[in-house]
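Good morning, and thank you for the time at today's meeting.

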Amino acid sequence: MNLNRRSFIAASTLAAAGIALPARSSLARLLPSLTLADTYFEWKSVADGCHIAIGEGGNALAVLSGNETVVIDSKNGGFGEALRREAAALGSPVKTLINTHHHGDHVGGNPAFTKDLRVIAHANAIARIPSQVERSNKSAQGAIAKLKQSPKATATQVIADIEALLQSSPTDKNFLPTESIPSSGNITVGNLSIELYHVGAGHTDNDLIVYIPDRNILHGGDLLFNNMYPYHDPANSGADSAGWIRSCQKIIDLCDNKTVVIPGHGDVGDLTIAKRQIEFFTALREQAAKAFAAGATREDFIKTEPEQFKSYSSNMRPITLGGLYDEAKKEAGK
Ligand SMILES: [Zn+2]
């Protein structure tokens with residue numbers, strides 16, 4: 001957290017209270033004790049000018065470059081305004097949003113960005129994002145009750161954001177990117193070159209790996225789940241576990257031992273997250289194929305608890321094992 005951000009948040013709070021504001025630098029001096037508790041999201045600095053916002057959906061990354069900020073992923077429905085506001089408070093206005101893929105916990109906040117900013121996603125996301133609009137709006141509505149119970153002072157503002165959003169009845173166009181890329185490509189944000197890689201279907205058919213060489217940081221979207229069962233849903237997301245392994249290999253190829261790696265869900269780490277994701281799918285693809293060949297039913301297989309991944313948080317285990325079973329069946333030509 002830097003002084004600019006502290007003073008911005010202090011300024012917002014005081015302005016809301018109708019208090020006249022001294023200059024930024026003196027404000028920071030006057031209020032030196034403001035902490036991360038002043039933001040709705042938990043923000044963590046992970047590399048030079050790079051901060052992640054934790055909670056309310058997938059991990060979002062804000063990267064400051066020159067006089068602008070680029071945000072990667074927009075969280076659950078209703079939380080886009082808070083994300084944009086707090087990312088801008090890190091120092092510079094947000095001018096670009098990148099979506100790593102179409103799932104609602106990564107594009108739900110898009111309406112706060114698409115209204116006047118550049119929003120970039122893979123071309124295949126365009127056909128898939130409309131399937132997430134209802135989910136996102138419902139999720140925004142459902143968040144209000146929880147926010148009312150929140151001890152965070154900033155929750156009141158988020159409730160107001162959501163009420164204004166729902167009043168506007170957001171539709172597909174509010175969630176869709178303003179630009180799409182058909183495969184891999186580079187974009188420039190401020191003085192940074194941002195590399196976007198699409199390695200075919202993996203977690204979805206529109207995954208983008210976001211790599212910023214100047215900061216040695218990579219956001220893998222939901223190609224990476226750290227210490228938890230991933231969400232693997234070939235039936236609805238265009239996912240492909242063999243392709244997922246190839247995408248993780250690309251992540252490893254891009255990284256050195258110092259690269260900061262942001263998973264879609266779970267703690268930030270390094271390239272070992274991608275290595276473990278490959279181990280996961282390699283082992284469970286094999287187990288699914290064996291189970292299918294041995295005559296196990298889908299119901300049998302989704303009830304199994306693979307020993308190797310017992311420590312992983314397992315909310316997604318039945319969905320993921322079901323997806324792997326379906327793939328094994330298809331690969332066996334049945
Ligand atoms: Zn996802």
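I shall go from the chain as a whole to one strand, then to the core, and finally to one helix.

Let me state at the outset that this is a predicted model. The mean pLDDT of the protein chain is 90, and 89% of its residues reach 70 or more. Over residues 1–36, however, the pLDDT is below 50. That stretch has 33 contacts in the model beyond near neighbours in sequence.

Now to the overall make-up. The protein chain comprises 14 helices and twelve strands. It has 334 residues, of which 48% count as buried. If we take the contacts between residues at least 6 apart in sequence, 67% of them join residues at least 24 apart.

I turn next to strand 6, residues 118–122. Is this strand mostly covered or mostly exposed? It is mostly covered, with four of its five residues buried. Which strands pair with strand 6? One is strand 5, residues 94–98, which runs parallel to strand 6 and is joined to it by three bridges. Within that pairing, Leu 97 has Val 119 of strand 6 as its bridge partner. Another is strand 7, residues 179–181, again in the parallel sense and over three bridges. There, Ser 180 in strand 7 stands opposite Ala 121.

The largest nonpolar core contains 77 residues, and the members that touch the most others are Val 71, Leu 218 and Val 261. Helix 12, residues 272–293, gives the most to this core, namely eight residues. What does Val 71 contact, leaving aside its neighbours within four places in sequence? Its contacts are Ala 60, Ala 62, Leu 83, Ala 87, Val 94 and Leu 97.

Which of its residues are buried? They are Val 133, Ser 136, Asn 137, Ser 139, Ala 140, Ala 143 and Leu 147.

Definitions and conventions
Residues are numbered from 1 along each chain as its sequence is written. This is a predicted model: local features need pLDDT of at least 70, side-chain atom pairs count only at pLDDT 80 or more; totals for chains, interfaces and linings use all residues. pLDDT is the predictor's confidence in each residue, from 0 to 100. Two residues are in contact if their C-beta atoms, placed from the backbone, lie within 7 Å. Helices (H or I, at least four residues) and strands (E, at least two) are DSSP runs, numbered from the N terminus. A residue is buried if 20 or more other C-beta atoms lie within 10 Å of its own, exposed if 12 or fewer, and partly exposed in between; C-beta atoms are placed from the backbone. Two strands pair if DSSP finds at least two bridges between them. A nonpolar core is a set of buried Ala, Val, Leu, Ile, Met, Phe, Trp, Tyr and Cys residues joined through C-beta atoms within 7 Å.
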